[in-house]
Amino acid sequence: MELNDTDVKTRILLSAKRLFAKQGYEGTSVRQICEEANANIALVSYHFGGKEKVFEAIFEQFYPGSEEAFNQYEDELKNPVEGLTLIVREIVVFTINDKELSDIIQQELTLQSPRMETVQAFLSPVWFKVKELLERGKEEGAFHFDSLTAAFLTVMGVTLSHKRFRSVNVWLEDNDRFIPDSYPDQAARFVLQGLGVKLNS
């Protein structure tokens, strides 16, 4: 593929990601994507085969949680505490650093859209790994909980709740400064403490 082909494909994907996050998939047309990307409208069909394939390509290009991505963390994932710490941190970092894709995921799951199956296919390796680590951690005595479902939902809630910060800020103290950069570590510590892991101060 020539360099300019790669460049226009990337521009289309970035523009689509921006617009899907802002307007939703259904509220975004191929024409709008191409205007945003400064690309000929025919190039969406040529490079991707349509808007739905653009949606899938966004996840293929920008979503970091593939099964292959776990290979580089093989050693950490052998240990339930280290593995869960890693995954919680990485989920929070992803939702902070790529707010657009994170918002798209949230929209699609909330709406239970026709694209939900595609989204779940990309999310599943991460959340199945969380479930596996929780189960293994309990078996090995590292984690302490009564219900796997409750533990799983707590992990999910802690890792994703910061996305609602603006809507709940009205109930928080003005002098309690929320620093997004510190939240990945705080979230991981909170999860581990909730699972009964004794941490160093």
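**Close-up 1. Leu134 and its contacts.** Setting aside neighbours up to four places away in sequence ("within four places"), Leu134 is in contact (heavy atoms within 4.5 Å) with Leu84, Phe143, Phe145, Leu148, Ala151, Phe152, Val155 and Leu195. A word on what you are looking at: this is a predicted model, in which local features need pLDDT of at least 70 and side-chain atom pairs count only at pLDDT 80 or more, while totals for chains, interfaces and linings use all residues. Residues are numbered from 1 along each chain as its sequence is written, and side-chain values use heavy atoms, with hydrogens and water left out.

**Close-up 2. The largest nonpolar core.** A nonpolar core is a set of buried Ala, Val, Leu, Ile, Met, Phe, Trp, Tyr and Cys residues joined through side-chain atoms within 4.5 Å; buried means under 20% relative accessible area, exposed over 50%, and partly exposed in between, using a 1.4 Å probe and protein chains only. The largest such core has 52 residues, and Leu84 and Leu134 touch the most other members. Elements giving two or more residues to this core include helix H1 (3–23), helix H7 (80–97), helix H9 (116–139) and helix H12 (183–194). Helices here are DSSP runs (H or I, at least four residues), as are strands (E, at least two), numbered from the N terminus. At least three core residues come from each of domain 1 (5–58) and domain 2 (67–195), with bounds taken from an automatic or database domain assignment.

**Close-up 3. Phe59 in helix H4.** Here we look at Phe59, which lies in helix H4. Phe59 counts as buried, at 1% relative accessibility. Not counting residues up to four places away in sequence, Phe59 touches Leu101, Ile104, Ile105, Val119 and Phe122. Phe59 and Val119 are 60 residues apart along the chain, yet their C-alpha atoms are separated by 8.0 Å.

Close-up 4. UniProt, in an unreviewed entry, places the feature "DNA-binding region" at residues 29–48; its positions are given in the numbering used here, feature names are shortened, and annotations may be inferred rather than shown by experiment. Over residues 29–48 the chain is 70% helix and 0% strand, with the end C-alpha atoms 15 Å apart. Asn38 sits in the loop between H2 and helix H3 (42–47). Asn38 is not a glycine, but has a positive phi of about 55 degrees. At 66% relative accessibility, Asn38 is exposed.

**Close-up 5. Gln112 in its loop.** Most residues other than glycine have a negative phi. Gln112, found in the loop between H8 and H9, has a positive phi near 50 degrees. Gln112 is exposed, with a relative accessible area of 59%.
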